[in-house]
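Student: I would like a close look at a single part of this model, followed by an account of how other parts of the chain are arranged. Please take the structure below as the basis for the discussion.

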Amino acid sequence: MNAADPGSTITVLGETFTLPLRTARLDGRPTNAYDAHGRRRHLGTEEKRAFWAWATIEILRHTGIRIEELGEIGHHSIISYKLPTNGEVIPLLQIAPSKNDQERLLLVTPELADVLSAVISRIRSADGTVPLVHSYDSHERTWNPPMPLLYQWQVSGENRQISQHTIRDALNETLRASGLTDASGRPLTFAPHDFRRIFITDAIMNGLPPHIAQVIAGHGNINTTMGYAAIYPMDAIAAHQAFIARRRAVRPLEEYRAVTAEEWAEFLGHFERRKLALGDCGRAYGTDCIHEHACVRCPLLIVSPSERPRLVEIHDNLAARIAEAEREGWLGEVEGLSTSLAAAEEKIAQLDVRQERKNSAVFLGIPTFDQIVARTCNVKEL
């Protein structure tokens, strides 16, 4: 566009543009053009926003950093580390503290190195240095000293930091231009933080241990990292099937045999024998009753709420039998019945607590009307 004559027609990437006949710039270069529909287009601005949208997408998807960390990347953030084993030089990207006040270093892949190189080449001055720009910390509400930030461009001849709002707008403009839509046909919208979720999910699904992903993401808690990882049902099923296949491969072959009819009948019979008048027995498969079927005393008895009247009846019967034993002087009988009575009372109390918990309302932290401070007026009536 700079080499074309005023008023001429040019073709760029399949689009035809007409340059204006005159311009207000002193160098005579046009700043805009008209497309085939007669719309005024600022091609230079569109090119700048498209470049920074591309750079943002590439950096975010290769690093998973936050948008505030993206804006703080400077020329000095790109450092090198020499491996002590073989002397290989590894490029690293130093990320300034964001939320947890802890710096971290990320490996610079060849793809990420190409993007950072393109950014540095774009913002360098004629003398080869990266200009120093002021930046505003919206969280601390302070201006930072001049730094060689990578996210900068010229506005009216002055180098300024690219704002987060501009980055978000450039991403949405790029998505609209791409024509990508969701399942309902609406244009896709991406927030910078979405690339962080994609990065963590992709890393964990491709075998990166979650505790390493936690360090790369800069999370203080591994549960936060796992909350970012989107594990889909088919992925979980495939991973589970692969785990079963690996486990079967290391087990002896003689363990894999056909189950006999007697073994299957024993397996089903175990669960039949767990059914009791008061509920179910919770003992494990293949184990015998160790309480001599004194189910009321057994802690493994799972009492059904519908059997509470029967349990109360047993409790009352035990109390009557204890009274009879005390009258007759059967002290041994009194001791055994008292143990059963205490166990029955405990199970009744457990049922009551369970039912009370089920019927009780759950407090969600919403204040009631009497907890809200009402507005008062100090104006006296006339």
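In which helix is the place of glutamine 214? Please begin with that residue and then go on to the rest of the chain.

Tutor: The model is a predicted one. Glutamine 214 has its place in helix H6, which covers residues 210-217. The residue counts as buried because its relative accessible area is 15%, which falls under the 20% limit for that class. Leaving out residues up to four places away in sequence, glutamine 214 touches His219, Gly220, Asn221, Ile222 and Thr225.

That helix belongs to a chain with eleven helices and 13 strands. The chain has 382 residues, of which 27% count as buried. Among contacts with a separation of 6 or more, 45% join residues 24 or more positions apart.

The interior may be taken next. In soluble globular proteins, nonpolar side chains tend to be buried together. Here the largest nonpolar core has 27 residues, and Trp52, Ile59, Ile65, Leu70 and Tyr151 are those with the most contacts inside it. Two or more residues of this core come from each of helix H1 (43-63), helix H2 (67-71), strand S6 (89-95), helix H3 (110-123) and helix H4 (164-178). H3 gives the largest share, six residues. Tryptophan 52, with its neighbours within four places in sequence left aside, is in contact with Val119, Arg122, Ile123, Leu150, Tyr151, Gln152, Trp153 and Ile162. Another core lies apart from this one; it has 15 residues, among them Leu318, Ile322, Val334 and Ile348.

The pairing of H1 with H3 can be described in geometric terms. Their axes are 10 Å apart and the helices pack at an angle of about 150°, and the crossing of H1 past H3 is left-handed. On the H1 side, the contact is made by Glu47, Lys48, Phe51, Trp52, Trp54, Ala55, Glu58, Ile59, His62 and Thr63. On the H3 side, Glu111, Leu112, Val115, Leu116, Ala118, Val119, Arg122 and Ile123 take part. Sorted by class, the contact has eleven nonpolar, two polar and five charged residues.

Leucine 60 also lies in helix H1. Its relative accessibility is 1%, so leucine 60 counts as buried. Leaving aside neighbours within four places in sequence, leucine 60 is in contact with Ile65, Leu70, Pro192, Phe195 and Phe199.

Leucine 19 is in the loop between strand S2 (15-18) and strand S3 (33-34). This leucine counts as buried because its relative accessibility is 3%. Leucine 19 and aspartate 5 are 14 residues apart along the chain, and their C-alpha atoms are separated by 7.8 Å. Arginine 41 lies in strand S4, residues 40-41. With a relative accessible area of 15%, arginine 41 is therefore buried. Its contacts, leaving aside neighbours within four places in sequence, are with Glu15, Phe17, Asn32, Ala33, Asp35 and Glu46. Threonine 31 is ten residues from arginine 41 in sequence and 8.8 Å from it in space, C-alpha to C-alpha.

Two further loop residues complete the account. Serine 156 sits in the loop between strand S10 (152-155) and strand S11 (158-161). Although serine 156 is not a glycine, it has a positive phi of about 55°. Its relative accessibility is 78%, so serine 156 counts as exposed. Arginine 297 is placed in the loop between strand S12 (279-281) and strand S13 (301-303). Its relative accessible area is 39%, so arginine 297 counts as partly exposed. Not counting residues up to four places away in sequence, arginine 297 touches Gly336, Leu337, Thr339, Ser340, Ala343 and Lys347. Serine 340 is 43 residues from arginine 297 in sequence, and the C-alpha atoms of the two are 5.6 Å apart.

Note on methods:
Residues numbered from 1 in each chain as written. Predicted model: local features only at pLDDT ≥ 70, side-chain atom pairs only at ≥ 80, totals over all residues. Heavy atoms only, no water. Helix = DSSP H or I, 4+ residues; strand = E, 2+ residues; numbered from the N terminus. Buried < 20%, exposed > 50% of the residue type's maximum accessible area, 1.4 Å probe, protein only. Contact = heavy atoms within 4.5 Å. Core = buried A, V, L, I, M, F, W, Y, C linked by side-chain atoms within 4.5 Å. Axes fitted to C-alpha atoms, helices over the stretch in contact; angles between N-to-C directions. Left-handed = near helix turned anticlockwise from the far one by under 90°. Nonpolar A, V, L, I, M, F, W, Y, C, P; charged D, E, K, R; others polar.
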